[in-house]
Amino acid sequence: MTFLSKVIREPLFHFVLIGAAVFGLHALIAGDDGEDARDRIVVTEGRVQQLAQVFTKTWQRPPTPEELRGLIDSYINEEVYYREALKLGLDRDDTLIRRRMQQKMEFVTEPSDELLRADDSDLQAFLDANKAAFRVEPRFAFDQVFLNPKKPGAPALGRAKQTLEALKATEDQAVLTRLGDATLLPVSMPLSPFSVIVSNFGKAFAANLTDLSENKWAGPIESPYGLHLVRVTARVDGYDPELAQIRDGVAEKWRAQKRDAFQAQVYDQLRAKYEVVLPPAAEAPSGQASVP
Amino acid sequence: MIRRMPASWMIPGVLALGLTVPAVAQDSGTLTEGDAAKLYPDKPVYSRYAGRDFPTRPFFGDTHLHTSFSMDAGAFGARLGPREAYRFARGEQVTASSGQPVKLSRPLDFLVVADHSDNMGFFPDLLAGKPSVLADPTGRKWYDMVQSGKGADAAIEIIVAFSHNKFPEDLMYYPGTSAYKSAWQKTIDAAEEFNEPGRFTAFIGYEWTSNTGGNNLHRNVIFRDNGDKASQVEPFTVYPPYGSDNPVDLWKWMKTYEERTGGSVLAIAHNGNLSNGLMFPIVEAFGKKLDSEYAKTRAKWERLYETTQTKGTGETHPYLSPNDEFADFEIWDKGNLDGSVAKTKDMLEFEYARSAYKNGLKLAQELGTNPYKFGLIGSSDAHTGLAAMEEDNFFGKTTPQEPSPERMLAAFVDNKETGVKIMDWEVGASGYAAVWATENTRESIWDAMQRKETYATTGPRMVVRFFGGWDFQPSDAEDRLPGHTGYSKGVPMGGDLGAAPEGKSPTFLVAALKDTIGANLDRYQIVKGWLDADGELHEKVYDVVWSGDRQPGDDGKVRSVGDTVDVANATWTNKIGAPELITVWTDPDFDPSEPAFYYGRVLEIPKPRWTAYDAKFYGTEPLPDTVMILQDRAYTSPIWYTPEG
């Protein structure tokens, strides 16, 4: 609120407030004097403050007196139209307005922060009930040499077998950048979750990694790109993590569930206030229409 | 992520540079060889893999997704808000607004929820954890109800009090102050909640929706920053008194934001195909003649261009590129956004990316800066909260266009006065943004966008490399580490070639890898545009590498790859095409005195369009002329050449 207190101390702000008050007063007096009973539009201090604040947040400086006057005029203009439109009932039967109202109700019925604060026992219970959703995937790191079946010349399978022998026969790592065909696929995949390997090399390839022993060249394994000789260099099995490791993730899903349940509950209560009458032809799907 | 580099990865005889891609955003925004050299360590290191800090994989995402917070999306019936949008993009199953379950084939790496800034609105944020609540007796009562598990009852009571002006005054503030939360703040909160550095990036952003006269000049604004900075501002709007429909004013807003908060923002111009000739002006904009200030400012803030999305693709148009047989792709050329003004041919030049690149070369000579030196991305512009842009998993542009037996039969725009009619089947299942960033964080992805190391895809997640330099050799295409070679000897997409060495022509190391679960690749093309000494602009499309043993014809063009699509069954096979394409190409027509740009275009083999999957699944009879087959594709950001002096 430092910004607000700064604004409140501004002489300009006081000037504006007085202006707004005079304006409001004028509207009031004019309203009383008029032959027709006129409605009043009172521009409150808080409203002026809000108009100025939005301007300040947009442009990172307070409005000049002329700009503020412009904001107030435009607010009055909007208010006049808004009220006249309401009188004419223009808010009714407008999909846009109806849906906006619905959305506002959903906002209003969002559970409070208080309700969405979980303690460890809530979260532990939630984690226990949803173990599968939080399971940490197995991870693998591996090296791969690629053989492109589309390359003209000797068939890739034959070359793969020869290359496998060459790889097995040497400790020299330099061969990794000499053997095999060019590819954008990485020569060496750092320790990565199973799903990342699936999205880079395909499902079948990833599934095959599970059976390979560590630090031994094997293959060829097929991917959507061609053949690969593979050496798994590291492997971490999947596991069910402790709450402490994944507290934020569990809390987020717990809140989402809580939020949905809360809104459903609020809706049911609101819905219960209505008796819904349907035309004979439109049968309710699950007897909902009989709810009083 | 753990990076384990075995110590045995030593390659004798190979000198390697520890490469670093600059995270520093330069004013020119493009990476030149000179700049790159400065950022490399002085001493070459022995291991090619040490300090390997260049991007090794592209991150895929959507920079333009609307949720129910956008007034039009809400009116269309969208119920999913930013939180659900992030959850879906992260790979989880959600229930679409139309009630159907939906899930992506694979998670996206990042998402920008970009709701319209106009009419985002304020919402009462009653009781949300305010200490003053407890001091008030009514507040205390509600608090106790919440505590004792009667939260829903409390909510109802609060609503009633609110609606009857019986809400305790002490708990009440005015809109814009703390008891009202703006939709903007809620948007920021959702991004903060779902941003998970290293795994999933949830960007803060919004769409500025300049649409005067129905001409679409929208821009998406993306923050590099976290919520602490973004919440210091209100997003820029179009309607007075706070906003303006002139992009020049948006750039002022961006400048102000950066100066006051120390933050960083960039803008992505919306596909210009519905701007009716206003997206890329060459003479004047908003009644003001283009000048050097306009060119400089636009180039500084508008880093990227959305070249493909659900409302059509804007790379080029058959009228502008009559010799480009692949130009006729997902074209929307009937009018502006609301169909209020029909399109005329003379507008096309000023709303497609390729012609803007060409005109940019000319403007650079006139104004001193090329205002149209932007990179390319694709995005969805879906108004459903669902970034689902795969042909066989397409959830439409708006909620009524989510999968249904009727969705390919209705009209999307139907303006009886002008005769502009766009059918729902013309909506494209496109696209995504691919970004070559070093890691999956707001900072790293944003920096890559800022230096334009990006490409557009019309849906598939193909991996595309595009490097330009003066010294690439044919043998570089055989290298096991094309990325490494590319960064060592040239500049990546979005970069500048720099001065031409005597007697040399630009060389390009290009490579593409098909989507793991997608269609094979047909060809990799390089599109070149240049300005000759007489001030004439030219363009040419070169086939540089393609699948199979096809030979180019006399016109230099490679014939069609063929077609395996079975429309009735919505299937195709990868019997044709290639999973991977790689080559080194040298410009055969280079003239060092002519400014030029080069960008890559990668075509998949033909496959069923979303309409074919729909027809198969629902048994819907398509309307006559419905397009049922397409060749999805990728477009890279260009590499530019500017003669010295």
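Reader: What should I know before reading the numbers?

Author: Residues are numbered from 1 along each chain as its sequence is written, and chains are lettered from A and ligands numbered from 1 in the order in which they are written. The model is predicted: local features need pLDDT of at least 70, side-chain atom pairs count only at pLDDT 80 or more, and totals for chains, interfaces and linings use all residues.

Reader: How many helices and strands are there in chain A?

Author: Helices (H or I, at least four residues) and strands (E, at least two) are DSSP runs, numbered from the N terminus. Chain A has 11 helices and four strands. Chain B has 15 helices and 31 strands.

Reader: In what order do the strands of the chain A sheet lie?

Author: Strands of a sheet pair through backbone hydrogen bonds, either parallel or antiparallel. Two strands pair here if DSSP finds at least two bridges between them. The sheet in chain A is open, with four strands in the order β2-β1-β4-β3 and antiparallel pairing. Neighbouring strands are turned by 35 degrees against each other on average, direction ignored.

Reader: Which helix packs on this sheet?

Author: Axes are lines fitted to C-alpha atoms, for helices over the stretch in contact, and angles run from 0 to 180 degrees between N-to-C directions. Helix α9 (residues 194-201) of chain A touches β1 and β2 of chain A; its direction makes about 130 degrees with that of β2(A). Strand β1 (residues 139-147) of chain A runs antiparallel to β2(A), with four bridges between them. Phe140(A) has Ser192(A) in β2(A) as its bridge partner.

Reader: At what angle do α6(A) and α11(A) pack?

Author: Angles under 35 degrees count as roughly parallel, over 145 as roughly antiparallel, 65 to 115 as roughly perpendicular and the rest as oblique. Helix α6 (residues 120-129) and helix α11 (residues 247-271) of chain A pack at about 85 degrees, axes 10 Å apart. They are therefore roughly perpendicular. Asp122(A), Leu123(A), Phe126(A) and Leu127(A) in α6(A) meet Arg247(A), Val250(A), Ala251(A) and Trp254(A) in α11(A).

Reader: Is strand β12 of chain B buried or exposed?

Author: In β12 (residues 302-309) of chain B, eight of eight residues are buried.

Reader: Which strands pair with β12(B)?

Author: Strand β9 (residues 265-269) of chain B pairs parallel to β12(B) over three bridges. There, Ala267(B) partners Glu302(B). Strand β14 (residues 375-378) of chain B also runs parallel to β12(B), with four bridges. Leu304(B) partners Gly375(B) in β14(B). Strand β13 (residues 312-313) of chain B is antiparallel to β12(B), with two bridges. A hairpin joins β12(B) to β13(B) through two residues, and Thr308(B) stands opposite Thr313(B).

Technical notes. Contact = placed C-beta atoms within 7 Å. Buried ≥ 20, exposed ≤ 12 C-beta atoms within 10 Å, placed from the backbone.
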